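These are my notebook entries on a structure I looked through from its overall layout to its packing and chain contacts. Each entry records what I looked up and what I found.

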Amino acid sequence: MRNGCICWVIALTSEAKTLIEELKMHPLKGDTLFPVYKNKNEDEWLIITGVGKLNVASGVSYLYALCPNARSSFWINFGIAGAGIKVGNIGEIFIINELRDDLNRTIYYPFILPQLKIKNAMLKTFNQPQNIYESSFLFDMEGWVFYNIVQRKITRELIAVMKIISDNSTENMSSINKDFVKKLVKEKVKNLMSVRDIGYNLSSIENERTKEPYLFIDITKNIHFTFSQNKKLKKFLIRWDVLFPKRPLPPEIKDLNDAKSILDYLESCLDSHLLKWE
Amino acid sequence: MINQIYIENEIKNHPRVHDILKKFKGKPPIYIDKYASIFNRKNQNFRIQKKYPSLILAQKKAGYVLKAPEDFGIGNSYNFYFSHMYNCLYDCEYCFLQGMYSSADYILFVNFEDFEEGIKDKISFLKNEKVTFFSGYDCDSLAFEKISGFVRYFLPIFKKFPNVDIELRTKSIQMDPLISMAPISNCIVAFSLMPTEMAKKIDHKAPSIEKRINMISKLASMGWKIGLRFDPLIYGENWKNLYINLFDNVFKNIDKKVIHSITLGPLRFPKAMFKKIKSMNPRSKLLSDSLTLRGNKISYSNDIELEMQSFCIELLKQYSPETLFFSCKGNF
């Protein structure tokens, strides 16, 4: 079952434009705190946060609250970054394998996505724009904070930070403008999509693991279950699905009208089942 | 096989690290301050990591040799374990490591010399006692041998202390270091086994039971002492016949004289660990089976457990003297 979701967190409209078109996203209607986009299937979400640590922290929190599948989504922070000497050329794209902050000593090591042919680099996040082109890493104003906030709720395997070099010792920040950024992103959209595809798969795995069990909503819609009965029901339904994948439950419980009878019935079926090994 | 290699800065110049890196050419490592900055942090998905594990080369700082849990013994009065590695290449649905750590990445502690010192300290402290050291508690003793060189390093050490035993517990058939040397009288190569039909469904990524039995047969014919570990015993339809076939298959292929010990253990999980393991792997049939909370452990009912234990013991008596039988109940 393909059932993933992607949450893009991007600082600038010019960085987001190509993705919005590529993924056929449209803006969320109404009064939103930040510009937020999603696609028709609602499995692709994008927020434009503005530049800087505070903006990205607020944007992540806002998108987390808005996206119904935020918890099992794959989160990507993508944008332009400055690059130290020998890190790479203008327009080169990187996936970040080490995140540092200029003011905080915590270092994050994002999960290395499998089978990805994109170069890795370290990223350091600052409060102000930098021109430290003699350094040996990438630098930006959002990456570390994005990761710091997202990893509080999202499993490490579902977070990625990607950067395209916009300025380095050969071409400084003065060349950066909207059209230049759009061009850089457009040239690397294939790479972005390859990360997106891997992320979508990983998100599907997580979604499959955490999804509400089959029939849970249908059963609890009409019959009252206490809190502890609800928990028990969820456990039994998951086991039912695993042990009796070809045995539809509704006809078997259609005449049972209260929570206890349903739970007793499920328990007796599940406990009398013998696993087949041959 | 290995998604990424991380190396603790402190050991980046360790010769064993250099040797290991030669086996992963083209995979630039990431240097880290301490393994805990990646391993076992909160919010990690064990199942996804199990698909794409990383290798972390680290230095163990303390606790080189630890007292083995109660019931873990195979005849000696003192039992210790040491873990040069955390986590395992295999992916067995009943494995407690899934609940022990939130990471599935492999940690390999390269400072074997410190483990060696810890082992020697224990040996000299208990010099007139019967002691067994177990190496396959937090990992498979041999599965990672080609990378780690663990057995090649440690067996010659134990050879010098014939009064203490070393158990290498494994499902691996990578036995090059053992095949290339003469048997060591105080080394027990202990294989975990279960009926083929069960192993096919729950011993993911591990060599088949047939391959394991072939390897046991080979080592036995060389004279290596063999341990048979029927742990955990798994229940289900036709379980009696499945175990009859397994025992028959094992014993017809092994010279009984080289059997050092036979261990039987029930399927068991500490309560908190089971919750974690089940939440990570809700689709597991084994974990969805009828398991009950008994004291602090999740297991089959007492009746099933006793029935399986006594049935298997009766069967095994046909093949082997009861003095070689040990039970690992795993009371947590």
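**Entry 1, domains.** I began with the division of chain A, which falls into domain 1 (6-209) and domain 2 (216-272). I note at the outset that this is a predicted model. I then looked up the spacing of the two domains of chain A: their centres, taken over C-alpha atoms, are 43 Å apart.

I recorded the extent of chain A along its principal axes, and its C-alpha atoms fill a box of roughly 75 × 45 × 35 Å. The secondary structure of chain A amounts to nine helices and nine strands. Chain A has 278 residues, and 40% of them count as buried. I also checked how contacts in chain A span the sequence: of those between residues at least 6 apart, 72% join residues at least 24 apart.

The largest nonpolar core here holds 161 residues. Those with the most contacts inside this core come from both chains, and they include A:Trp8, A:Met162, B:Ile56 and B:Val189. Which element gives the most to this core? I found strand β5 (residues 74-83) of chain A, with seven residues.

Apart from neighbours within four places in sequence, A:Trp8 is in contact with A:Leu19, A:Trp45, A:Leu46, A:Ile76 and A:Phe78. I also noted a second, separate core of seven residues, among them A:Leu233, A:Phe236, A:Trp240 and A:Leu266.

I next looked up helix α7 (residues 227-243) and helix α9 (residues 259-272) of chain A, which pack at an angle of about 35 degrees with their axes 10 Å apart. The crossing of α7(A) and α9(A) is left-handed. On the α7(A) side, the residues making the contact include A:Leu233, A:Phe236 and A:Trp240, and on the α9(A) side they include A:Leu263, A:Leu266 and A:Leu270. I sorted the residues of this α7(A) and α9(A) contact by class and recorded eight nonpolar, one polar and three charged.

How many residues of chain A are in contact with chain B? I recorded 26 residues of chain A against 28 residues of chain B. On the side of chain A that touches chain B, β6 (93-101), α5 (189-210), α7 and α9 each supply at least two residues.

Note on methods
Residues numbered from 1 in each chain as written. Chains lettered and ligands numbered in written order. Predicted model: local features only at pLDDT ≥ 70, side-chain atom pairs only at ≥ 80, totals over all residues. Domains from an automatic or database assignment. Core = buried A, V, L, I, M, F, W, Y, C linked by C-beta atoms within 7 Å. Buried ≥ 20, exposed ≤ 12 C-beta atoms within 10 Å, placed from the backbone. Helix = DSSP H or I, 4+ residues; strand = E, 2+ residues; numbered from the N terminus. Contact = placed C-beta atoms within 7 Å. Axes fitted to C-alpha atoms, helices over the stretch in contact; angles between N-to-C directions. Left-handed = near helix turned anticlockwise from the far one by under 90°. Nonpolar A, V, L, I, M, F, W, Y, C, P; charged D, E, K, R; others polar.
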